[in-house]
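Please keep the sequence and the model in view while reading.

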Amino acid sequence: MATGHIPSYVVQADGSDFLFTFMVVFTVALIVLIGVAYFTLHSIPEKIAHESNHPQFQLVGILALLALFTHNGLFWVAAILVAGFQFPDFAAPLRSIADAIRSLAPQRTPDPVVEDTATEHPEPTAPQEQ
């Protein structure tokens, strides 16, 4: 029989199937690459927060994990927004105002402490029996 006209992707007489083997390797490699891309995409907010030394780094990490496990894109968008923007510190100006006012107040001297040991710790008495 003349086998010269049979394409190379047809199963050989020895049972080896080049096309099937190629598709299995291609499918496994594609699944691994999609998984790596998926996990890399979900780690972007954490990388942004880590590089900028964000004060809410743990919140960004929690939001990214919630987005990863729930497949809810809203958590991922929230993580990107929190990682991308620094919230203003409203307490710092108030703290500096309070410190300035405290420094303007007259310094109080502590009252002298009078130690009277007799009245401070009276001796316990035994209960009276009747």
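Helices (H or I, at least four residues) and strands (E, at least two) are DSSP runs, numbered from the N terminus. In those terms the chain has 6 helices and 0 strands, and its elements, read from the N terminus on, run α-α-α-α-α-α. Residues are numbered from 1 along each chain as its sequence is written, and side-chain values use heavy atoms, with hydrogens and water left out. The model is predicted, and for that reason local features need pLDDT of at least 70 and side-chain atom pairs count only at pLDDT 80 or more, whereas totals for chains, interfaces and linings use all residues.

**Confidence**

- The pLDDT, which is the predictor's confidence in each residue on a scale from 0 to 100, averages 82 over the chain, and 85% of the residues score at least 70.
- Confidence is highest in helix 1 (residues 18-42), at a mean of 93, and lowest in helix 6 (residues 117-120), at a mean of 57.

**Surface and burial**

- The chain exposes about 11,600 Å², of which carbon and sulfur atoms supply 68%; accessible areas come from the Shrake-Rupley method with a 1.4 Å probe, and for residues only the protein chains shown count as cover.
- Buried residues make up 11% of the 130 residues in the chain, where buried means under 20% relative accessible area, exposed means over 50%, and partly exposed lies in between (1.4 Å probe, protein chains only).
- Contact means heavy atoms within 4.5 Å, and among contacts between residues at least 6 apart in sequence, 48% join residues at least 24 apart.

**The nonpolar core**

- A nonpolar core is a set of buried Ala, Val, Leu, Ile, Met, Phe, Trp, Tyr and Cys residues joined through side-chain atoms within 4.5 Å; the largest one here has 6 residues, namely Ala49, Val60, Leu63, Ala79, Val82 and Ala83.
- Helix 3 (57-70) and helix 4 (73-84) are the elements that give two or more residues to this core, and the largest share, 3 residues, comes from helix 4.
- In soluble globular proteins, nonpolar side chains tend to be buried together.
- Valine 60 touches Pro45, Glu46, Ala49, Ala79, Val82 and Ala83, when residues up to four places away in sequence are not counted.
- Leucine 63, placed in helix 3, counts as buried at 13% relative accessibility.
- Leaving aside neighbours within four places in sequence, leucine 63 is in contact with Phe75, Ala78, Ala79 and Val82, and its C-alpha atom is separated by 5.4 Å from that of alanine 79, a residue 16 places apart from it along the chain.

**Helix 4**

- The 12 residues of helix 4 should span 16 Å at 1.5 Å a residue, and this agrees with its end C-alpha atoms, which are 16 Å apart; the expected span of a helix is 1.5 Å times one less than its number of residues.
- Within helix 4, Ala79, Val82 and Ala83 are buried.
- Seen down the axis of helix 4, its buried residues fall within an arc of 95°, so they line one face of the helix; the arc is that of the directions from the helix axis to the C-beta atoms.
- What covers the buried residues of helix 4 includes helix 2 (44-51) and helix 3.

- Asparagine 53 lies in the loop between helix 2 and helix 3, has a positive phi of about 50° although it is not a glycine, and is exposed, with a relative accessible area of 66%.
- Histidine 71 lies in the loop between helix 3 and helix 4, has a positive phi near 55° in a residue other than glycine, and counts as exposed at 60% relative accessibility.
- Histidine 42, by contrast, has its place in helix 1 and counts as buried at 11% relative accessibility.
- Apart from its neighbours within four places in sequence, histidine 42 is in contact with Ala64, Ala67, Leu68 and Trp76.
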